[in-house]
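Please open the structure in a viewer and keep the selection tool at hand.

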Amino acid sequence: MAVVVALAFVFLVMFPVPSPVRALSSNYYDHTCPHLESIVASAVKKAMSNDKTVPAALLRMHFHDCFIRGCDASVLLNSKGKNKAEKDGPPNISLHAFYVIDEAKKALETSCPGVVSCADILALAARDAVFLSGGPKWDVPKGRKDGRISLATETRQLPAPTFNISQLQQNFAQRGLTIEDLVALSGGHTLGFSHCSSFQNRIHKFNATVDVDPTMQPSFAAKLRSVCPAHNKAKNAGSPLDSSNLVFDNAYYKLLLQGKSIFSSDQALLTTPKTKALVSKFASSQEAFEKAFVTSMIKMSSLSGGQEIRLDCRVVR
């Protein structure tokens with residue numbers, strides 16, 4: 001969800017809305033691929049040892065997959081011919097670490113060929129990314145299938161960093177996700193980095209009367225403005241999403257209450273009594289945050305997806 005390109009709000013009823021799957025099971029592969037979880041965890045660990053940004057990338061990849069057509073690994077598919085796939089849609093241009101899923105899939109095709117979906121690999125990799133960054137571990141329900149359709153145009157469904165609270169609530173509600181799910185899953189911003197383009201609306205020409213969003217802590221805003229000047233030309237300029245962006249913790253919520261959030265969509269969580277109360281709850285208790293995050297991740301990752309098992313996560317045959 002983090003590091004997305006700001007997009008105008010659109011009504012989403014024109015797109016297929018995913019629904020929960022009933023058949024998922026935590027022991028789905030116990031007999032057909034018993035070493036699945038260790039194989040995926042090994043691929044994530046190896047990648048993390050070479051690149052500390054991998055956990056944030058995998059978690060974000062899973063979010064972006066599930067919010068379009070459900071958790072069907074459609075975000076992994078390559079564009080083909082005139083069809084521009086999800087990964088080439090504006091909000092997904094900065095997605096990376098697809099190779100981690102490829103490596104896990106390659107190992108699994110050797111160990112238990114044609115058995116494990118790319119969608120399940122991605123769900124497990126996202127869980128491992130959280131756990132290996134110091135966060136909670138949970139049993140991932142499995143049995144997802146891979147989809148065949150991936151359209152860049154449908155990335156308009158993803159929640160934008162400029163969304164206000166009503167836009168966020170509608171976006172999540174269309175996927176059967178509650179206000180608590182919204183606030184808990186926003187905590188995924190504890191991992192990662194944002195490019196300037198996703199928050200420049202808050203630090204330059206905020207409105208007709210002020211240049212900077214007045215809800216931002218002044219010295220924090222000044223720091224962001226120094227990194228991201230009005231006519232920024234540095235391609236990779238930006239900011240970590242919180243002060244400990246390689247560790248899965250509740251710092252995101254603490255900073256949010258201090259006026260040190262990055263996105264408008266983060267600040268929006270303080271604009272209603274219910275969402276603000278949840279932010280305060282998670283800021284004061286890492287345990288409460290982790291419990292809510294796990295519940296919401298399981299719920300989100302159970303949204304329905306495809307119909308088949310792809311042998312190559314990037315290609316439909």
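This is a predicted model: local features need pLDDT of at least 70, side-chain atom pairs count only at pLDDT 80 or more; totals for chains, interfaces and linings use all residues.

Residues are numbered from 1 along each chain as its sequence is written, and side-chain values use heavy atoms, with hydrogens and water left out.

**Stop 1: aromatic rings**

A pair of aromatic rings is described by the distance of the centres and the angle of the planes. Rings of Phe, Tyr and Trp (its six-membered ring) pair if their centres lie within 6.5 Å; planes under 30 degrees apart count as stacked, over 60 as edge-to-face and the rest as tilted. The whole structure holds 10 aromatic pairs.

Select Tyr253 and Phe282: their ring centres are 5.3 Å apart and their planes stand at 65°, so this pair is edge-to-face. Tyr253 belongs to helix H9 (residues 251–257) and Phe282 to helix H11 (residues 273–284), so the pair ties together parts 29 residues apart in sequence. Helices here are DSSP runs (H or I, at least four residues), numbered from the N terminus.

Phe289 lies in helix H12 (residues 286–300), 36 residues from Tyr253. Are Tyr253 and Phe282 buried or exposed? Both are buried, a term that means under 20% relative accessible area, with exposed over 50% and partly exposed in between (1.4 Å probe, protein chains only). Phe289 is likewise buried, with a relative accessible area of 0%.

To show the aromatic cluster, select Trp138, Phe248, Tyr252, Tyr253, Phe282, Phe289 and Phe293.

**Stop 2: charges over rings**

Select Lys87 and Phe98: Lys87 lies over the face of Phe98, 4.2 Å from the ring centre. Then select Lys137, whose charged end sits over the ring of Phe131 at 5.0 Å from its centre. A charge sits over a ring if NZ of Lys or CZ of Arg is within 6 Å of the ring centre and within 35 degrees of the ring normal.

**Stop 3: His62**

Select His62 in helix H2 (residues 54–66). His62 counts as buried because its relative accessibility is 1%. Leaving aside neighbours within four places in sequence, its contacts (heavy atoms within 4.5 Å) include Cys71, Leu122 and Met297.

Terms used. Helices (H or I, at least four residues) and strands (E, at least two) are DSSP runs, numbered from the N terminus.
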